[in-house]
Amino acid sequence: MGEEAPATITEGKATIPLPPGTTQDVFYNPIQEFNRDMSIAAINVWSKMHLDAVEAKRTQNPKKKAKVEDVWDPTQINVLEALSATGLRAIRYAHECEHVSHIVANDFDAKAAESIKKNAEFNGVLGKVIPNEGDANMVMYQSLQKHGYGEKKLKFFVVDLDPYGTAAPFLDAAVRSVESGGLLCVTCTDMAVLAGSQWEACWAKYGSMPIPNGSFCHEMGLRMLLQTIQASAGRYGRAIEPLMSCSIDFYVRVFVRIVASPAKAKTTAARSAMVFSCVGCRAFHVGTMGSYEVNGNSTKFKCAALPKVGSSCEICGSKFHMGGPIYSGRIHDEEFIGKMITHVKEGVALDKYKTHQRMLGMISVISEELHDIPLYYSLDAVCQALHCQVPPLKIFCSAIVNAGYKVSSSHCLATSFKTDAPNTVVWDILRGWIKQKPIAEKRIVAGSVVAKVVSVEPTVIADFTYNKLAEPESRKIRLVRYQENPVKNWGPKAKAKPGVGAFAGGEKRKAAEDDSEEQHE
């Protein structure tokens, strides 16, 4: 009687056999399929944009000869998955990323590297997927050598970091190893750190201070990660261009173009900012750390002036918490987002992405965000601070539009709103709402935040008449805009144990082998 065929897991075009004695729950986290689907779509869209740009450059200068040292073919798109574990992601990249030449699937653990080899062979992509056992940082630094990395002498146009916890220990090597114009994909799952619960750990890992209990914590987490990447890149005369930045479930995921540009690296202060958040009414201010003016061929840099926040909040008189620095530039690229939506829609008929409904929902909400406005308010949190009834979001946003300002939601939070309206206008609209729905007298205690806010007569008369410009198209067509908990007890799997690869309770090895500090996340 022959041996029984091993149980397998299929995701996309990849099929992975389960190791003997291993359950699917331990070996594979289906919640992360969305992450992998988004990554495949992002690489496909970026690679097409990259190849179009290369072709356009060649067309503009058809007689220009390549430099002797410029031996790398920019159409050869090689990918490094630095923390590969089972190799599932790398195998899917090999099958589903149209323009990718090779994928180096690296892991520090010997058993994981052997598993990657077996899984790649099982899927018929061994050769295109190159298993590698090594330290992720060393692999990235070795690619900087003149002859590139490994026997195939590879340079990486895409580097993917998806560790358990923080990616911070890998960012310096990553921003250098990506070829100019290439794509850096980064996941961080330490949201307790980035969202402000463990600010001391955030400062140590990311060099940035979160705002405790900030209602905008998930976008601020994204911006602190981007700031860390920007700071790492700037040290080597490189700059970042965020293409898409996502707050997803229990983690953040960013897709960033890295460009070699010492001139642009010098302007990063204009895209770095501090945040001042009121502990009482939740009003906040964002102040950039510098600015610059371009006049012909010269650039004049200016130091920042302190935002006009004073020592106390102009709305309620409470003190401010100060956080940052954060990345204050655009965290999404409109062209890239538009092409992502088109790409995912085209893949629906081909059943390319199992999670396409959620992908379209999230990317559509991202496309509707006010891209020049950093951070957002939570209507729930603001109304909680004032102990008032929460108005319907579309009615409140209508009042902002009717007052002559722009407004949008954020993909980070269902009850969020972004606006270019100043704080005084936002709180005047809230005062107008309170006049319609009065606060209970027992809540208006002398000296309290509520008492200070309602004691001021609004100068802006709020008009709560419904305005269709306040309601995004994605809500009207009922896309899956914000994901509900997919399954019971969902979330990140347990951290992999050293020496036993990806098969002892998780898909990722620990982020840094020498990290001996107490693990909070």
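The dialogue below treats cavities, then salt bridges, in this predicted model.

Q: How many cavities of 30 Å³ or more does the structure hold?

A: Rolling a probe the size of a water molecule over the atoms shows where empty space is left. In this structure there are two cavities of 30 Å³ or more. The second largest cavity has a volume of about 30 Å³.

Q: Which helix gives the most to the lining of the second largest cavity?

A: Helix α9 (residues 217-234) does, with four residues. The residues that line this second largest cavity include L194, P210, I211, C217 and M220. By class, its lining has seven nonpolar, two polar and no charged residues.

Q: With which residue does K48 form a salt bridge?

A: K48 pairs with D52, and their closest N and O atoms are 2.9 Å apart. Both residues belong to helix α2 (residues 33-60) and lie four residues apart, about one turn of the helix.

Q: Is R257 buried or exposed?

A: Buried means under 20% relative accessible area. R257 has a relative accessible area of 17%, so R257 is buried. By contrast, E241 counts as partly exposed because its relative accessibility is 22%.

Q: Which parts of the chain does the salt bridge between E241 and K264 link?

A: The side chains of E241 and K264 meet at 3.1 Å, N to O. This pair links distant parts of the chain, with E241 in strand β8 and K264 in helix α10 (residues 262-265), 23 residues apart. Elsewhere, salt bridges that share partners join E11, R36, D37, R92 and E96 into one network.

Notes: Residues are numbered from 1 along each chain as its sequence is written. This is a predicted model: local features need pLDDT of at least 70, side-chain atom pairs count only at pLDDT 80 or more; totals for chains, interfaces and linings use all residues. Side-chain values use heavy atoms; hydrogens and water are left out. On a 1 Å grid over the protein atoms alone, a cavity is a set of points where a 1.4 Å probe fits but cannot get out, and a pocket is an open set with protein on both sides within 12 Å along at least five of seven lines; lining residues have an atom within 4 Å of a point. Grid points are joined across faces, edges and corners, and a volume is the space filled by probe spheres set on the points. Helices (H or I, at least four residues) and strands (E, at least two) are DSSP runs, numbered from the N terminus. Ala, Val, Leu, Ile, Met, Phe, Trp, Tyr, Cys and Pro count as nonpolar, Asp, Glu, Lys and Arg as charged, and the others, Gly among them, as polar. A salt bridge is a side-chain nitrogen of Lys or Arg within 4 Å of a carboxyl oxygen of Asp or Glu. Buried means under 20% relative accessible area, exposed over 50%, partly exposed in between (1.4 Å probe, protein chains only).
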